[in-house]
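Here's a quick briefing to keep beside the model while you look around. Have the viewer open and follow along.

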Amino acid sequence: MAEIQLKNLSKRWGSFVGVDDFNLTIADKEFLVLLGPSGCGKTTTMRMIAGLEDATEGDILVDGTRVNDLEPKDRDVAMVFQSYALYPNMNVYENIRFPLKVRGVDPSTHDEKVRRASAMVELDEFLHRKPAELSGGQRQRVALARAIVREPNMFLMDEPLSNLDAKLRVSTRAQIKNLSHELAVTTIYVTHDQIEAMTLADRVVVMKQGVVQQVGSPTEIYDRPANAFVASFIGNPAMNLMDGAVEGGTFKAEGVEVKGLTAPDAKTTLGFRAEDAEVVESGGQINAPIYTMELLGEATMVSVRIGGSLVSVKADKNYRADIGDIVSIKVPMEHCHLFDAETGERVG
Ligand code: ATP
């Protein structure tokens with residue numbers, strides 16, 4: 001059992017704020033993903049939970065007990081990093097067994113534990129090999145098995161897939177998801193990859209410049225981003241965002257007129273996702289020349305330029321037109337997201 005509470009957690013180096021007033025309760029067995037661009041404070045947050053970095057302010061509680069002053073080895077966490085950090089002279093079996101030896105676990109249980117952990121990550125056939133004789137994906141699985149074998153209270157994973165090629169990343173991601181279901185241990189997982197976050201997480205924390213922007217399930221964050229930053233960070237392609245103004249319930253920008261909105265009169269950013277809009281013969285709220293078209297296989301992505309930003313819509317895979325043709329784009333009202341142009345906060 002491990003419920004983790006972060007209370008007013010901050011990290012500063014001089015006047016630089018790495019993590020700013022982080023507050024969250026992570027439920028027992030939850031898979032929590034910290035997501036954000038490089039430098040937003042994800043790793044620092046995780047290092048504070050692991051005890052590898054002192055918090056400047058705030059408390060970390062595990063099952064109600066403050067752990068700020070505990071050494072990393074006393075926090076019962078297992079970490080998996082992007083660099084596998086395996087011992088090159090030990091074979092796979094010994095690498096996986098190593099944490100059991102260090103922690104003084106009863107030697108008569110080692111063999112069974114190592115074999116169970118290696119079976120979980122499908123490494124049974126490689127136990128005699130040295131790390132140099134393994135592929136990147138296999139090495140990362142050894143690192144996973146070494147974390148599993150300890151039966152820790154929580155897993156902390158920092159970009160564990162980022163050294164793998166695209167195909168291996170997908171299969172190892174699926175394996176982590178399956179393992180987390182099987183092991184049911186509280187997990188905090190750091191990534192800058194929104195697809196990893198969406199596929200793995202029970203809840204996602206989106207961070208920017210040390211500040212939490214939104215906490216929610218993948219669906220909540222995708223369907224109702226709290227601000228324009230989250231909207232632009234989640235989804236592939238990113239949400240279309242257009243700067244304009246709302247006047248009397250109508251959003252206007254060059255080539256765009258969306259009526260019937262409930263947002264207040266102000267400079268506003270209108271957002272919608274490519275898959276939520278459609279290309280129509282006429283009468284859409286956006287009318288502009290086609291800037292580019294891309295065949296995606298299952299669809300055609302049609303893009304126009306509105307006030308300097310690219311706005312994309314998924315059309316049928318058989319859609320045919322030429323660059324420069326005027327298209328009409330229809331955006332259903334229920335799929336319009338409105339953000340304050342100054343603060344970026346959601347207004348409708
Ligand atoms: P990445 O995805 O690139 O790993 P991150 O979100 O994990 O990024 P952190 O490693 O947590 O980011 O770093 C957050 C910020 O704190 C960065 O701007 C970084 O430069 C800064 N930082 C990290 N460690 C130190 C340090 N020891 N001294 C000063 N600044 C630091």
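Over residues 4-234, what share of the chain is helix, what share is strand, and how far apart are the end C-alpha atoms? Over that stretch the chain is 35% helix and 26% strand, and the end C-alpha atoms are 26 Å apart. Helices (H or I, at least four residues) and strands (E, at least two) are DSSP runs, numbered from the N terminus.

Keep in mind that this is a predicted model: local features need pLDDT of at least 70, side-chain atom pairs count only at pLDDT 80 or more, and totals for chains, interfaces and linings use all residues. Residues are numbered from 1 along each chain as its sequence is written.

**What the record says**

- UniProt lists residues 4-234 under "domain: ABC transporter", in an unreviewed entry. UniProt positions are given in the numbering used here, feature names are shortened, and annotations may be inferred rather than shown by experiment.

**Around the ligand**

- The shell is made up of Trp13, Phe16, Gly18, Gly36, Ser38, Gly39, Cys40, Gly41, Lys42, Thr43, Thr44 and His192. A residue counts as near a molecule or strand if its C-beta atom, placed from the backbone, lies within 6 Å of it.
- Two or more residues come from each of strand E2 (16-26) and helix H1 (42-50). H1 gives the most, with 3 residues.
- Sorted by class, the shell has 3 nonpolar, 8 polar and 1 charged residues. Here Ala, Val, Leu, Ile, Met, Phe, Trp, Tyr, Cys and Pro count as nonpolar, Asp, Glu, Lys and Arg as charged, and the others, Gly among them, as polar.

**The six-stranded sheet**

- This open sheet has 6 strands in the order E6-E7-E8-E3-E9-E10, with mixed pairing. Two strands pair if DSSP finds at least two bridges between them.
- Strand E6 (77-80) and E10 sit at the edges with a single partner strand each, so one side of each is left without a neighbour in the sheet.
- On average, neighbouring strands here are turned by 15° against each other, direction ignored. Axes are lines fitted to C-alpha atoms, for helices over the stretch in contact, and angles run from 0 to 180 degrees between N-to-C directions.
- Strand E7 (residues 154-158) runs parallel to strand E8 (residues 186-191), joined by 5 bridges. Phenylalanine 155 has threonine 187 in E8 as its bridge partner.
- H4 packs on this sheet, touching E6 and E7, and its direction makes about 175° with that of E6. Residues are in contact if their C-beta atoms, placed from the backbone, lie within 7 Å.
- Strand E3 (residues 31-35) is parallel to strand E9 (residues 203-208), with 4 bridges. Leucine 35 stands opposite valine 206 in E9.
- E9 is antiparallel to strand E10 (residues 211-216), with 5 bridges, and lysine 208 faces valine 211 in E10.
- E9 and E10 make a hairpin with 2 residues between them, and glutamine 209 in the turn has a positive phi of about 45°.

**The four-stranded sheet**

- Here 4 strands form an open sheet in the order E2-E1-E4-E5, with antiparallel pairing.
- E2 and strand E5 (65-66) are the edge strands, each with a single partner strand, so one side of each is left without a neighbour in the sheet.
- Strand E4 (residues 57-62) pairs with E5 over 2 bridges, and valine 62 stands opposite threonine 65 in E5.
- Aspartate 63 lies in the loop between E4 and E5. Its phi is near 50°, a positive value in a residue other than glycine.

**Helix packing**

- Helix H2 (residues 92-102) and helix H4 (residues 136-148) pack at about 35°, with axes 7 Å apart.
- Val92, Asn95, Ile96, Phe98 and Pro99 in H2 meet Val142, Ala145 and Arg146 in H4.
- That contact has 6 nonpolar, 1 polar and 1 charged residues.

- Which peptide bond joins asparagine 236 and proline 237, cis or trans? It's cis, with omega about 5°.
- Proline 237 is in the loop between helix H8 (228-233) and strand E11 (240-247).

Definitions and conventions: Contact = placed C-beta atoms within 7 Å.
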